[in-house]
Amino acid sequence: MTPRELAQGLFRVLETGDPALAADVVHDRFVNREAAVAPAACSLSGPAGVLASSVWLRSAYEDLRLPIDAMAEDGDRVWVRLRMQGRHTGPFVRYRDGRLDQAVPPTGREIDCEQIHVLDLREGRVVGHEAVRDDVTMLQQLGVFPPSPAVALRMAAWKVTGRAARAADEVTRRAAEAASSV
């Protein structure tokens, strides 16, 4: 595959969770430098971590889309500017040091935010990933930043009742399952 096809393939895996495509485009030594806010399984090397990341994102965003706006390449590096789009229909769970940091209950709101990704290639596959994401815009679109009263109240209720912890446990379990399917 060309560098552009590899980049397109990686984002298609995130949209779909396709394990065959992940095996085709993701190097066994793949490292996701952005996995610190995701379930632990997203930090795994190779296709396993990418499939876990796909589950994590798709568990929060129905109809996840990552349309590419622009791409540039230079040898073994590809820069991708894209949009992350979807409807927030499941809990969006963020982690810190492998533990629950924040769980945003489903809002039903649409998100559309810009991201820039840098992909490193080796031996005809994607071996590294880092990103600059506009998470502030995404959190604004969800009503988290600044907090709308309704979303803030729901987040507090989720935390107090343990629903946030249960959501994090479920997302963590599903991501680990996806990673172990490889």
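**Before you start**

You are looking at a predicted model, where local features need pLDDT of at least 70 and side-chain atom pairs count only at pLDDT 80 or more, while totals for chains, interfaces and linings use all residues. Residues are numbered from 1 along each chain as its sequence is written, and side-chain values use heavy atoms, with hydrogens and water left out.

**Stop 1: the aromatic cluster**

Select Trp56, Tyr61 and Phe92, which form one aromatic cluster. The whole structure has two aromatic pairs (rings of Phe, Tyr and Trp, the latter by its six-membered ring, with centres within 6.5 Å). For Tyr61 and Phe92, the ring centres are 5.6 Å apart and the planes meet at 45°, so this pair is tilted; planes under 30 degrees apart would count as stacked and over 60 as edge-to-face. Now show the strands: Tyr61 sits in β2 (residues 61–65) and Phe92 in β5 (residues 92–96), 31 residues apart, so the pair links distant parts of the chain. Helices (H or I, at least four residues) and strands (E, at least two) are DSSP runs, numbered from the N terminus.

Are Tyr61 and Phe92 buried or exposed? Both are buried, meaning under 20% relative accessible area; exposed means over 50%, and partly exposed is in between (1.4 Å probe, protein chains only).

**Stop 2**

Leaving out residues up to four places away in sequence, Trp56 touches Val37, Ala38, Pro39, Cys42, Phe92, Val93, Tyr95 and Val171.

Next, widen the view to the largest nonpolar core, which has 56 residues. Such a core is a set of buried Ala, Val, Leu, Ile, Met, Phe, Trp, Tyr and Cys residues joined through side-chain atoms within 4.5 Å. Which members touch the most others? They are Phe11, Trp56, Tyr61, Val80, Met84, Leu119 and Met138. Colour helix α3 (residues 47–60) as well: its eight residues are the largest share of this core. In soluble globular proteins, nonpolar side chains tend to be buried together.

**Stop 3: salt bridges**

How many salt bridges does the structure hold? There are 16, each a side-chain nitrogen of Lys or Arg within 4 Å of a carboxyl oxygen of Asp or Glu. Side chains of opposite charge can pair when their charged atoms come close.

- Select Arg65 and Asp63, whose closest N and O atoms are 2.8 Å apart. Arg65 is partly exposed at 29% relative accessible area, whereas Asp63 is exposed at 51%.
- Select Glu114 and Arg81, with closest N and O atoms 3.1 Å apart. This pair links distant parts of the chain, joining strand β7 (residues 110–122) and strand β4 (residues 77–88).
- Select Glu170 and Arg173, with closest N and O atoms 2.5 Å apart. They are three residues apart in helix α6 (residues 163–180), so about one helical turn separates them.

**Stop 4: the largest pocket**

Finally, select Leu100, Asp101, Gln102, Ala103, Met155, Trp158, Lys159, Ala164 and Ala165, which line the largest pocket. Which element gives the largest share of this lining? It is β6, with four residues. Strand β6 (99–104), α5 (149–161) and α6 each supply at least two lining residues.

Conventions:
Contact = heavy atoms within 4.5 Å. 1 Å grid on protein atoms, 1.4 Å probe; cavity = no way out; pocket = protein on both sides within 12 Å on 5 of 7 lines; lining within 4 Å.
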